[in-house]
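User: I would like to learn how to read salt bridges in a protein model. Could you take me through them step by step?

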Amino acid sequence: MNRRISTLVVALAPILIFGMLLTVVTVPYVALGPGPTFDTLGEVDGKDVVAIEGADVHKTSGHLNMTTVSQRDGLTLGQALIFWASGRDQLVPRELVYPPDKTREEINEANTKDFRQSEDSAEYAALQYLKYPMAVTVESVDEKGPSKDKLQAGDAIDGVNNIPVASLEQFQEFLKGTKPGEVITVDYRRKNAPMGTAEITLGAHPEREQGMLGVNVLDAPWAPFTIDFNLANIGGPSAGLMFSLAVVDKLTTGDINGGKFVAGTGTISGDGKVGSIGGITHKIVAAQDAGATVFLVPADNCAEATTVDDDGIELLKVDTLETAIDGLRTLSAGGEPPRC
């Protein structure tokens, strides 16, 4: 009897040990897979994902869903094997997602910065498509600089000391002739507010002799209303294209999507160029799961996108905001848009 028990214990020991390894030992891999999608024409937590205040907003229909990639870190050996066997998830070395020379906080901060920049670029791309005029626009205000509480992000600078300013080049040329301590008068336009004037005492810059205003400015299309994107950071800039489409759809008559369930992805620059992204196959699967029938694919991602079982979803190739809108309208009219 003892011999039988001993034999059984010896036989089961490797299985028990392997079972413990499956649940205890972690592996240096991250599982990537289809993540949640968000309708940029819809609401999140009772707020419009894309909220426009101060302009006539038109009723929309259908969907314009942005897509994401899920990331699962700290995997045990058992979890990694389950994800690998699922066929839906991809295991990648952890160092590709979380570089060892950066902390998790640094990575999250960089992703948040990219996401916020994508929101600004999405707004500029949409306003340029809608032919709003260019202006010297305040992008950000130094919290410790001389313009704090006098200028705001989004203000359009029209003139300095009663001299009209029509471009960033003119504005910078004016500042070159100033000195720290000098008081200047800035004429500005503010969104959803009357035009204003601010007297600002220029500060000193450690690397320049000229006076410092304490703002970052750029040439950008400007509109008198506000556009807010009410989504928390979802990891990087890939929502840009879908944000821009939602802005254009809300500010124009008719439906860009033709009432269809459209999803997509892609970075966007302020002048409307659509850039490639990572995880395209996972995003297409996420869109399929959500019910999308059309997916907008950045042109440089087309080769990879076609490796996914289309399962009834149409893959439209886009390289600018304009081609994305034209492609959707062509599809709605029964035409043949560019495809992957």
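Analyst: A salt bridge is a side-chain nitrogen of Lys or Arg within 4 Å of a carboxyl oxygen of Asp or Glu. Here D289 forms one with R88, and their closest N and O atoms are 2.7 Å apart. This is a predicted model, in which local features need pLDDT of at least 70 and side-chain atom pairs count only at pLDDT 80 or more, while totals for chains, interfaces and linings use all residues. Residues are numbered from 1 along each chain as its sequence is written, and side-chain values use heavy atoms, with hydrogens and water left out.

User: Where in the chain do D289 and R88 lie?

Analyst: Helices (H or I, at least four residues) and strands (E, at least two) are DSSP runs, numbered from the N terminus. D289 belongs to helix α7 (residues 280-290), whereas R88 sits in the loop between α2 (77-86) and β6 (90-93), so the pair links distant parts of the chain, 201 residues apart.

User: Which residue does R339 pair with in a salt bridge?

Analyst: R339 pairs with E314, with 2.7 Å between the closest N and O atoms. R339 lies in the segment after α9 (321-332) and E314 in strand β20 (residues 314-318), 25 residues apart. Salt bridges that share partners join E314, E336 and R339 into one network.

User: How many salt bridges are there in the structure?

Analyst: The structure holds 13 salt bridges.
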